[in-house]
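Hello,

Here is the structure you asked for. My notes on it follow below.

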Amino acid sequence: MAAHRPRIVGFCCERHGMDAVVLAARSGKTHDASVRLVQVPCSGRVDGLHILKALEDGADAVVVLGCLEKNCYYDTGSIEGRKRVAYVKSMLKEAGVEPERVEMFNAASTNAWAFPEMVSKMADVVKRLGPLGSGGEER
Amino acid sequence: MKCNIQVVICECCVSKPALLDIPALQKIASEAGNVTSVIIADAVCDGENLSGVMKEAREKEVDRAIVLACHKRDVDPSLFKAYARAGVPANLIEIVNLREEVVLPGAAEPERAQAKAEAKLNAAVARVRMLEPLEKDTEEMRTRNIVIIGAGVAGQAAAEVAARSGAHTIMIEKTGKSLKSPGVLMPHTTVIDGKGYGGNFTLRIKAGEKVEDLDCAAVIVATGGGWATLKGPLAKACKDAIPLFKLHEKLESDTTPAGPVVIVDTPDPSGKNVKVQDFAWEESLETAARLKKAKPDTDVWIVFQEMRAFGLSELAYKEAAELGVRFVRYDKPAPPKIDPKEPTKLTVKDSAQAEVISINFGTLVFASIPANADNARIADALRIPMSPEGGVRRGSMQRWPVSTPRPGVFVCGSALFPKSRAVAEAEGTAAGELAAEFVKKGEIEFGGIIAKVEQEKCSACLTCVRTCPYEAPFIGEAGKIEIKAQLCQGCGMCAGICPSKAIELLNYTDDQLGTEARTLLGGDF
Amino acid sequence: MTAAKALVDKGANVVLVEKSESLGGMARGLTCKGLAECRNCGVCFAIDRANDMMRDANAEVLLISEVVSIEKEDGGFRVKIKTSPRYVTDDCTGCGKCVEVCPVEGKAVFPPTGSGQPRIHRIDRTKCLHFKRGACDKCASVCPTKAIDYEDRATNVTRKVSSVVYATGIEAIDAKDVSRLGGGRLEDVVSSVDAERILNDKGRLVRPSDGKAPKRVAMLQCVGSRSVRAGVEYCSKFCCKYGTKIAQMMLDTDPEINLDFYFMDLRTLYEPQDEFKAWAKGKKTVKLIRSMPAAVSRRDDGKLLVKVAGETDLEIHENEYDLVILSVGMRPKGADTELAKALGITADAYGFAQATDALRDSGVFLAGAVSEPMDIEETAIKAIATASKVASGKEAAR
């Protein structure tokens, strides 16, 4: 039986979040293909609902990638993003779902290591916890 | 609604290195609903192949486009310009970053790259189908005035530069000082309130006793530090102590300060009210050295926690020491003290020698100043953030220096935090330059990707008002939230937090984002 | 870059001549010092400007280029610029396979420096076997995008400009010059520049000798600066700021690490002076020691020993560490070259270019730390001011 491939969707801000993705790619860093990104103007745009819907729609994990706090182009955007993620984590915990499946990451345009590290960290989380809700069932 | 999508596959981005099955992508695109044109072209934004792409776009009456390429910001603007001429507005062009999201990192797991690329293509098509054309608005600037709050070193530098660029400057100065300024100088004037947005501000000012409104296009905050304010236990104990600039003035006017002269870094060693910042050192050392040269017999002491003689002022440190200025370092837990009953004696534990020494002084000078007490009012009037130390805060590093998160409002000099004259002047020049460029445009552009409120769903909870850093949401006449388009910067924080889901960010609505995410999760991984 | 960007924003055409193969200057080798929160180091500002320059149609960027001659002409300057070949085209994706297969010791093909833009490799023909012996095309055969171009040639261009901005910047003081502190001599003694490189690459600090995370680290400030012996008497201004932020990043990524921070004065730019001390107090494993070490040596068991006088007891201690970071200062460069002289630029005893009215009136302007020590933010501010002076000096043509 083939190992489960993590299905992760990420909401990535179009400023430093995407810049970090680009710098990693152009620095020869490779990472596995588990994370598929939706671009947003700011990580603060992300609503708890988007994260929960993504989990319903088949994601094993969801990440939000934004600029560093205090260096968000929109000032408080990534702080809001983090608040949203924290809120979802607490809801998941109550619902009996592992809160580690949802995570907030911050990166800058000069962080070549941030995105690949995030991908491998979340892929590991999913490999450890298995696909969402089914405790190891193949999709 | 018309929906004819053109899919452009940029070869240089998606096929180098050759990881993807391009014909397969082409097939998926051609078979997708609403796609009327699929083109594979090399270096699409480079120009040569652009005309061919646009020709077909016109023939197939394309009104939106998907370009499988690289990062949006690396696409040459000529692509967007060409599409605009062909009738495709910028917000209906989706640049899918296959290069940096799939192709380049894909070497780790090449067998998964195709499925990911196909998912991204499908998601882009699904998203672009749902988009609506958006247009930007323009508003003319009523005036091209640049108001400069504060006629100190930074303010004067700003006025000079702005005037050189042809802007009309109005300097607002709270004291009665007069100086030659390129534009208008209004002494005894303060800003008490403000409204509007970059390009069209209206400031409420108090000139003497008269209150009036002043229109302007840009504002430069150059309020300086709290120069004459001395707060703290040492200032309280010694009422005759003077701030550093007064010592400087004495030397300028050839007045001899009574010796021994003791310069203490701050009147408040605990740091509760006055934080020692950079400015103290360059000026202290130069003034001390100058005093020693003029009056070699006067004892000069500098009492400090950290000798922050940055850069070339380290040489001034060396010079001062060689001239015989005495330096005493103290640690915060054992700060210098003055007994109010003996207000001309300073006792301090010299941390280098672990000995307590007493200095009987003739003049006590404080090198640090607090932030300007007016900053709070100015920041409130202009709706810009403040720093914990009471200065005005600049925007994040992603915006330009001397800028604030509010377009059209700039801040420079000691208004940010106390700094040396030289740096304040440079900041004033930079702010004047940026402000002049801003007003030169003559009009502001707004709209497009902004927030929109569905009034029936709004419960007027004001969460969006508290969240928006730019004050774009406001309670309108209907008692529900409206978005001031000129202030909205399109971040979507309000849309993300609205508990009633009454706000959407155009081009990034819940449905659009949800569809994109769902489509990405479809298919193989 | 900031001056160039400010000028193109004003409608000017700018030719940006860069000696190395990428834009970014000193900042290319630096990395973001924040984990979740920005620490105001300014590095991303510099790299964002580098990106701006690569993307702007009104900015002509000439890399691996040098000004060969400059002559006054028609109230402006006639500039001859030589661009050396890179031997790698724009198709390069930065994957690094060429470096892996290059048989030359020390490699003849190099990756883009740090975060510098553009992200393209380059070949050093003085080391490359293809050029030296006419044999070997291992890199070309393995390149997935066929980006190796041995036929690349030098080009010479002439540009007529109205003003010149001289911004040749700084270089870090070589740690090898401070061999008594182990620089260039002991493997696990790295300069702050090297530490940044490791951080940018790996996201955390590891020892060069075995790639493991160190348990006890010593950071030595003011290396090569404020030193009569080194001939660099000034303070380099930014190294306290950078050193303290490297320290904070170190603790972010490894909260158990032991750090001893040796310094003379704490000159953390733009921050209240107590902030770092307050942070250090909150970390049980960080010690601030106001004493300058005299020597670093290596014990037989591999531990590094830092010899230093105690802060208050004046006794000589030898403290042991796994890794020593030398916070090196900087020297200006380029202010005393033939080109500088031809432009009328004079340098002081330390090599800093002197800004004079005469210089400005002749159409030559200075930007950046070549004129005095400054960090990234101050450089940006002063560069905008310089752009303003440039624009008002002459008719903004070319």
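Domain bounds in these notes come from an automatic or database domain assignment. The model is predicted, and local features need pLDDT of at least 70, side-chain atom pairs count only at pLDDT 80 or more, and totals for chains, interfaces and linings use all residues. Residues are numbered from 1 along each chain as its sequence is written, while chains are lettered from A and ligands numbered from 1 in the order in which they are written.

Domains

Chain B is split into domain 1 (5–134), domain 2 (145–226 + 372–443), domain 3 (233–366) and domain 4 (448–506). Between domain 2 and domain 3 of chain B, the C-alpha centres are 32 Å apart. Chain C has domain 1 (1–83 + 154–169 + 333–398), domain 2 (85–153) and domain 3 (173–330). The C-alpha centres of domain 1 and domain 3 of chain C are separated by 32 Å. Across that pair, 13 residues of domain 1 of chain C are in contact with 21 residues of domain 3 of chain C (contact: C-beta atoms, placed from the backbone, within 7 Å).

Chain A, strand E3

Helices (H or I, at least four residues) and strands (E, at least two) are DSSP runs, numbered from the N terminus. A residue counts as buried if 20 or more other C-beta atoms lie within 10 Å of its own, as exposed if 12 or fewer do, and as partly exposed in between, with C-beta atoms placed from the backbone. In strand E3 (residues 61–66) of chain A, 6 of the 6 residues are buried, so the strand is largely enclosed by the rest of the structure. Ala61(A), Val63(A) and Leu65(A) point one way from E3(A), whereas Val62(A), Val64(A) and Gly66(A) point the other way. In a regular strand the side chains alternate between the two faces of the sheet.

Two strands pair if DSSP finds at least two bridges between them. Strand E1 (residues 8–13) of chain A pairs with E3(A) in the parallel sense over 5 bridges, and Ile8(A) has Ala61(A) as its bridge partner. E3(A) also pairs with strand E4 (residues 102–106) of chain A, in the parallel sense and over 5 bridges; there Val64(A) stands opposite Met104(A).

Chain B, helix H3

Leu50(B), Val53(B) and Ala57(B) are buried in helix H3 (residues 50–59) of chain B. These residues cover an arc of only 65 degrees around the axis, which puts them on the same side of H3(B) (the arc is that of the directions from the helix axis to the C-beta atoms). On the other side of H3(B), the exposed residues are Ser51(B), Gly52(B), Lys55(B), Arg58(B) and Glu59(B). The cover over the buried residues of H3(B) includes strand E1 (5–10), strand E2 (35–41) and helix H4 (77–85) of chain B.

Chain B, the open sheet

Five strands of chain B form an open sheet in the order E8-E7-E6-E12-E21, with parallel pairing. Strand E8 (184–186) and strand E21 (409–411) of chain B are at the edges, each with a single partner strand, so one side of each is left without a neighbour in the sheet. Strand E6 (residues 145–149) and strand E12 (residues 218–221) of chain B pair over 4 bridges, with Val147(B) and Val219(B) as bridge partners.

Where B meets C

Between these chains, 38 residues of chain B are in contact with 41 residues of chain C. Helix H13 (421–440) of chain B is among the helices that each supply at least two residues of this side of chain B, and H13(B) gives the most, with 8 residues.

Regards

Notes: Two residues are in contact if their C-beta atoms, placed from the backbone, lie within 7 Å.
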